[in-house]
Amino acid sequence: MPHDEPVAPDAPQRSTVPAPEPAPTRATAPAPARAPALQVEHFSKTYEGTEAVTDVSFSVQAGEILGLVGPNGAGKTTTLRSICGVLPLQQGSVTICGASLARDEARAKTNLAWIPDDPQPFDSLTVFEHLRFTAALYGVSDWERRAEELLQRFELTEKRDALGGELSRGMRQKLAFCCAWLHSPRVLLMDEPLSGLDPRGIRAAKVAIRELSSQGAAVILSSHLLVLIEELAHRILILDRGRIVFVGTLDEARATLSAPAGSSLEEIFMAATEGPRGGNGSGSSPGNRDAPGRGPSATP
Amino acid sequence: MLGVPMFGHPALRLLIRMKFRGALRSQVRKLRRPSGWLFALLGLILFGTWIGGFLVSTLLQRPQTADGAGLVLWTQIGLLVVGSMTILAAFSHRGLYLPKEEIELCFSAPLLRTDLIRYRLGVNMLRSLIAGTLFGLGAARRMPVGIFAFCGVMVTMLTVPILGQATALLLGDAENRLGRLAKKLPLRPIAGILGAGVGISMLALLFADDEGLHETLGRISPLRFAHGALAGSPALQVLLAPLVPWARMISAPDAGTFFAWLAICAVVWLVAWELTARIPVDFRETSLATSADIARRLSRLRRGGSGLAGAMMSKPRAGWRVPWALGRGRFGAIAWLKLATIARKARGAFLFSATIVFFVSVAMTVAWREHTVKSTLGGALAMAIGGTIYLCSGLRFDFRNDLDQMEQIKAWPAHPALIFLATVLPQVLLVSILLAAGILLRCAGIGAFHPGVVGILLFLPLLALSWTAVDNAVYLFAPVRYAPGQEGALQHVGRSVVMSLLRFGLLGVAGAVAVLPGVLTGVLAEKYLDAGQTAAWIAGGLVTWIGLGAIDVALVVGGGKMLQRFDVARDRG
């Protein structure tokens, strides 16, 4: 119970410079480091007797983008909200940059940023005040210059003094990006991050995500936009009815799920999640371990 | 715990300052528009009248010089009431309440839970300063030394939020365990048996003979019971004992006594603050539920759902087959949608209203048990008018519930007036049925009936439709979205006054236009056509009924126009 443990003083204070978007190429996985930036082990979550997530284990390396996909109600948001500490961990463990979320929660969260699917800004605070508050929250010094950079990058400069309550859905999303990027997190969790963004916003977001990853941040990207996942993610994790049905690269998915070479993530997704729906927690892979290429057909 | 600031994380203190500044800034921005100025001015006048009236009455009141012991006792009882209300309020804020815009941010940020508790304690204490000022001014005139009383009340009011927060945190922790226990108990049958018991008792009262009733009421006089309990109850003394320091501080007759008790209260405050901040409870799950619950309630309030239907929203439950009572066409479909919503989401509010009507019928039977025409018709008329106003204000199953669906509603392939009528008609019918049942129950209770009651029953749907149509038309004209604590309170008060005046003005005009021809017809029929009194009444009633019906048609058409005018793009509900 980290009720009164001190906050870790070493909040990262890196700075980035906007870069043009590289040509969309298939992402290649970074070389695995010794300790993953994010490690989830045997995580389970139950709501009033209903299993939402069952025995999920996986890890994300520094510099890696993991695409989290699954049908509605698969447990993606529950998993992300538990990893970032919004929901308490019922079972299992989460380690962020070496800090246990259960034992050293504040230190673990110092390295983390979370963008929910529908960010809610403060009605009476301006856009710039949101950044000021975030800087205070994460102990970012010399934040003004970086805040201005981020506002420019996400095309919010004109809205600098607009109140949170006046922002449209897309603007709120952009503000959430700015706040998340401000302290240069080492682990970034995003739930449907591009919903509500205009094409320019989507492009800026994709560039920013790639850039953050290339600077060594581990990113989990949850989305139903499979093309986006295919474009950005080094590996994919398919959740279905609270269980992992596959985790690995696209090529591994094709091999494991007997999909033809060159088949898209959409086809792989369909193959991985087909079967009667409406049940609960009846995934076909009991192990749910983070073994590359593990899928339904790999189940013993 | 060393290194944790007593008043929490600096970022959260910054947030408090920025939110305060933001609220002021929003207020200033609202004043840029002429309507903002006007409504603010009206609001200021009303606030000023209220606070001024309170201050004047306080200052004009003669200082009361009760004996020391009596003063302390009554102060303790006052504090007990405040404390009990705080504890009761904590039931609806289990865990640590954080607004929806703060909860995800704070829970995912590198903050200690103790920081969050300290932050909420600070916010709650700042809010209680307003209540403290009002109570302090009131106490200042009643206690031996005004300034000590005022300061004492302020210190007390700064302690009360700590009690509330500690209770909420402990309740949140106990909720899961108690929740599991409650699930095992047969709560529905228990509630059913209790409800049936109360109902049977009321029916017994309704049909009991007068002498037996008076004897029964005399035996269970609540005032006599309360006086007996207060006289020297050891249980009450035990309850009041912990409140002695605050009561003594507020009622201190001299500086020595005041500062001695103030020191004790300050120490208690400090200890309570630290202990509450360190309660080792993981409140996240309960807080998320509480935050979502309160966000829903605030959203309903902002939509104007301030009546009973807004407060007592049941958990939606499928499975109830709702009949297509008004046909299977477009009109019937819209009305069915409304009926299904009532049946699945507002059962509690409906049953509560039915109970109120039942109790009112019983009370009116007991209080006015005469077998005369005056009693029969007077009671029915009072129930019809009073009941329509009360139920239509409480059971609001109208456009206030539908503000989030306005985009779809405006795209429905039906005339706006038809949509308007189909939306308000289920509420009108339910109110009419409830009131008709209440009126007939009373007639059965007093054992008398008059044909005029049938006339009153025929007026019920028209009365309810008039009220509901005006209410909804005005609401659609200028939807007021406000919840307590939201910015723009001044403007809201001013705007509410204007809207209420508009509503009552419209109702007054509609009523006059409907009633005057009827009265005129009755008088003319009696004087110039030599019709009997009964015939004149019937003729006058018929003309009024037709007039009210015509006005209702006009109101529905007007409501349709307002629906047509409603701009979804401008809605920021």
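Keep in mind that the model is predicted.

Let's begin with chain A as a whole. Its secondary structure comes to nine helices and ten strands. Of its 300 residues, 53% are buried. Among the contacts in chain A with a separation of 6 or more, 75% link residues 24 or more positions apart.

Now look for the sheets. Strands of a sheet pair through backbone hydrogen bonds, either parallel or antiparallel. One open sheet of chain A has six strands, in the order β6-β7-β8-β3-β9-β10, and its pairing is mixed. At the edges stand β6 and β10 (243–248) of chain A; each has a single partner strand, so one side of each is left without a neighbour in the sheet. On average, neighbouring strands here are turned by 15° against each other, direction ignored.

How many of its five residues are buried? Five of the five, covering residues 187–191, so β7(A) is largely enclosed by the rest of the structure. You can check both faces: Val187(A), Leu189(A) and Asp191(A) lie on one side, Leu188(A) and Met190(A) on the other, and all are buried.

What are the neighbours of β7(A) doing? Strand β6 (residues 112–115) of chain A pairs with β7(A) in the parallel sense over four bridges, and Ala113(A) has Leu188(A) as its bridge partner in β7(A). Strand β8 (residues 218–222) of chain A also pairs with β7(A) in the parallel sense, over five bridges. There, Leu189(A) stands opposite Ile220(A). Together with helix α6 (residues 199–214) of chain A, β7(A) and β8(A) make a right-handed β-α-β unit.

Moving along the sheet, strand β3 (residues 65–69) of chain A runs parallel to β8(A), joined to β8(A) by four bridges. The bridge partner of Leu68(A) in β8(A) is Ser222(A). Helix α9 (residues 265–273) of chain A packs on this sheet, touching β3, β9 (235–240) and β10 of chain A, and its direction makes about 35° with that of β9(A).

Chain A also has an open sheet of four strands, in the order β2-β1-β4-β5, with antiparallel pairing. Here β2 (50–60) and β5 (99–100) of chain A stand at the edges, each with a single partner strand, so one side of each is left without a neighbour in the sheet. Two bridges join strand β4 (residues 91–96) of chain A to β5(A), and Ile96(A) has Ala99(A) as its bridge partner. Helix α1 (residues 76–83) of chain A packs on this sheet, touching β1 (38–47), β2 and β4 of chain A.

Next, find where the two chains meet. Here 30 residues of chain B are in contact with 28 residues of chain A. The elements giving two or more residues to chain B's side are α1 (10–30), α4 (100–108), α5 (113–140) and α13 (284–302) of chain B. Of these, α1(B) gives the most, with ten residues. By class, chain B's side divides into 14 nonpolar, five polar and eleven charged residues.

Finally, visit a pair of helices within chain B. Helix α19 (residues 416–446) and helix α22 (residues 533–565) of chain B pack at an angle of about 110°, with their axes 7 Å apart. Angles from 65 to 115 degrees count as roughly perpendicular, and α19(B) and α22(B) are therefore roughly perpendicular to each other. Residues making the contact include Phe420(B) of α19(B) and Leu563(B) of α22(B). By class, this contact has eight nonpolar, three polar and no charged residues.

Key:
Residues are numbered from 1 along each chain as its sequence is written. Chains are lettered from A and ligands numbered from 1 in the order in which they are written. This is a predicted model: local features need pLDDT of at least 70, side-chain atom pairs count only at pLDDT 80 or more; totals for chains, interfaces and linings use all residues. A residue is buried if 20 or more other C-beta atoms lie within 10 Å of its own, exposed if 12 or fewer, and partly exposed in between; C-beta atoms are placed from the backbone. Two residues are in contact if their C-beta atoms, placed from the backbone, lie within 7 Å. Two strands pair if DSSP finds at least two bridges between them. A crossover is right-handed if, with the strands pointing away from the viewer, the path from the first strand over the helix to the second runs clockwise. Axes are lines fitted to C-alpha atoms, for helices over the stretch in contact, and angles run from 0 to 180 degrees between N-to-C directions. Angles under 35 degrees count as roughly parallel, over 145 as roughly antiparallel, 65 to 115 as roughly perpendicular and the rest as oblique. Ala, Val, Leu, Ile, Met, Phe, Trp, Tyr, Cys and Pro count as nonpolar, Asp, Glu, Lys and Arg as charged, and the others, Gly among them, as polar.
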